[in-house]
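Here is a short briefing on one protein model. Look at the structure first, then read the points below.

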Amino acid sequence: MLADLDLLLTMVFYTADNLLPAGKANARRSLSDSEVVTLLVAQAIMGITSDRRFVRVARQRLVHLFPGLIGQSGLHKRRVRLADALEHVVRALVQECPGYWDELVLLDSTPVECARSRETVKRAGASTLDDPIANAASYGYCRSHSRCFFGMRRHTAFGPDGTPRAIRLAGADRPEREIALDLLPSTLRGGETVIADKGYAGREFAAAVGDLGATLVRPARADESHHGPRISSIRQRVEPIYWTTKDLLSLERHGARTLRNLRARILQRLLTLAACVYLNHWLGRPTRALVDYIA
């Protein structure tokens, strides 16, 4: 069976349709919730961040799957409304992936930038929106790019195959170890090895991970006398996974202005990643081979 966009969307729709409850009858809605969830996956895998442009493209390329396409404003509103449904489908798909049950857990965080100028930050603080991102966003420092940024941090535990096992979104100034201790209990069952970077150093954090039944493995910091294990080959898996969501799935250009919308757009990308990983496992393909679904 060939991997293509139609197969991916069919699998997502089948999963969502079996999981989500039937919505109330509404004569103004031409698409069900399951169809909207599937459309959001199509938007993410096609890398089109503009809702208006995506709807125009979908009317040409996806009309055979969605004869009742909604307009741009309808897609935007229903994405936010279906955030919990997106999370429900993500959870169902990742639990079918081998990486969710793997004894190796990759722990890391990455910036979710929300503004690039002081004026944008000031306008965000004075926003009349009911839940502007500025309510939770803050300034943080990205060691990978040696720069400060304004926004949030996405803390994620991945399986070695790219399966997103757990996620938390927090202000950029929140300590990584604090968020990690809130995130790990939802994905650890006991006996796992947690691979992290130097930012998760600390005896108290290592002991807390041990209390959860897991073992923390990380490289040694420059001020530590002992030499940590060589885990660079394993750690290198994290960066391509994050790059897939940021570049190929366009999370760097999320365009969200409210916290609810930001959560929905992040879940939209994670659902797309989980769906691709699951389908690739089923087809016997490399887990993060997404190109065939885009072409």
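**Salt bridges and overall build**

Glu 87 and Arg 91 sit 4 residues apart in helix 5 (residues 83-94), about one turn of the helix. Helices (H or I, at least four residues) and strands (E, at least two) are DSSP runs, numbered from the N terminus. This is a predicted model: local features need pLDDT of at least 70, side-chain atom pairs count only at pLDDT 80 or more, and totals for chains, interfaces and linings use all residues. Residues are numbered from 1 along each chain as its sequence is written, and side-chain values use heavy atoms, leaving out hydrogens and water.

- The side chains of Glu 87 and Arg 91 form a salt bridge (3.6 Å, N to O). The term means a side-chain nitrogen of Lys or Arg within 4 Å of a carboxyl oxygen of Asp or Glu.
- Glu 87 also forms a salt bridge with Arg 263, with the closest N and O atoms 2.6 Å apart. Arg 263 lies in helix 11 (residues 259-283), so this pair ties together parts 176 residues apart in sequence.
- Shared partners join Asp 84, Glu 87, Arg 91 and Arg 263 into one network of salt bridges.

- Arg 79 and Asp 51 meet in a salt bridge at 2.7 Å, N to O. Arg 79 is in helix 4 (residues 72-81) and Asp 51 in helix 3 (residues 51-61), 28 residues apart.
- Arg 79 has 0% relative accessibility and counts as buried. Buried means under 20% relative accessible area, exposed over 50%, partly exposed in between (1.4 Å probe, protein chains only).

**The whole protein**
- The protein has 12 helices and 6 strands.
- Of its 295 residues, 49% count as buried.
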